[in-house]
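Me: I've got a model open and want to go through it with you. Can we take it piece by piece?

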Amino acid sequence: MCVIVHKERGKDLPSDEIIEKCFRKNPDGSGILLHRSGTKINEIHKGFMKLDDFKTAFKELNVRKEDDLVLHFRITTSGGTNLENCHPFPISCKVEDLKATRI
């Protein structure tokens, strides 16, 4: 089963310890869904197969306390263990959107 962390607007960001525990528990790829406060855009960043890559991307996104955030940590149950099968997925009928690691 996947591990999902949801940080609501106004709440503290998850600690490095929480992120590391989630990644160790489900090491088959991870992704980030970010909704920046004051915008109507959801950003998806996914396909992180190594903890260090995830932590670097997370830091570079400069997530703020006022942003909404969902982190997804995958364990392979079906499909391959690869970048394209990491979650989250956008709502789309286009295969290229579903496989995109940034959208």
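Me: Which side chain has a polar atom 2.9 Å from the backbone nitrogen of Ser37?
Reply: That of Asp67. A polar contact here is a pair of N or O atoms within 3.5 Å; within protein, one must be able to donate a hydrogen and the other to accept it, and residues adjacent in sequence count only if both atoms are side-chain atoms. One caution: this is a predicted model, where local features need pLDDT of at least 70, side-chain atom pairs count only at pLDDT 80 or more, and totals for chains, interfaces and linings use all residues. Residues are numbered from 1 along each chain as its sequence is written, and side-chain values use heavy atoms, with hydrogens and water left out.

Me: Where is Asp67 placed?
Reply: In the loop between α2 and β4. Helices (H or I, at least four residues) and strands (E, at least two) are DSSP runs, numbered from the N terminus.

Me: Buried or exposed, that Asp67?
Reply: Buried, because its relative accessible area is 0%. The cut-offs: buried is under 20% relative accessible area, exposed over 50%, partly exposed in between (1.4 Å probe, protein chains only).

Me: What does Asp67 touch?
Reply: Leaving out residues up to four places away in sequence, its contacts include Lys7, Glu8, Arg9, Leu34, His35 and Asn62. Contact means heavy atoms within 4.5 Å.

Me: What about Asn62, where does it lie?
Reply: Asn62 is also in the loop between α2 and β4. Its relative accessible area is 54%, so it is exposed. Asn62 has a positive phi of about 50°, although it is not a glycine. Most residues other than glycine have a negative phi.

Me: Which peptide bond is cis?
Reply: The one from His87 to Pro88, with omega near 5°. Pro88 sits in the loop between β4 and α3 (95–99).

Me: Switching to the sheet. What is the strand order?
Reply: β1-β4-β2-β3, in an open sheet of four strands with antiparallel pairing. Two strands pair if DSSP finds at least two bridges between them. β1 and β3 are the edge strands, each pairing on one side only. From one strand to the next, the twist averages 10°.

Me: How many bridges join β2 to β3?
Reply: Six, and the two strands run antiparallel. Gly31 has Lys46 in β3 as its bridge partner. Leu34 stands opposite Glu43 in β3.

Me: How many residues of β2 are buried?
Reply: Five of its six, so β2 is mostly covered.

Me: Now α1. Which of its residues are buried?
Reply: Ile19, Cys22 and Phe23, in a helix that spans residues 16–25. Seen down the axis of α1, its buried residues fall within an arc of 95°, so they line one face of the helix. That arc is taken from the directions from the helix axis to the C-beta atoms. On the other side of α1, Arg24 and Lys25 are exposed.

Me: What do the buried residues of α1 pack against?
Reply: β1 (3–7), β2 (30–35), β3, α2 (51–60) and β4 (68–73).

Me: What about Asn42?
Reply: Asn42 is in strand β3, residues 42–48. It counts as partly exposed because its relative accessibility is 48%. Its side chain makes a polar contact of 3.0 Å with that of His35. Not counting residues up to four places away in sequence, Asn42 touches Leu33, Leu34, His35 and Ile103.

Terms used:
Axes are lines fitted to C-alpha atoms, for helices over the stretch in contact, and angles run from 0 to 180 degrees between N-to-C directions.
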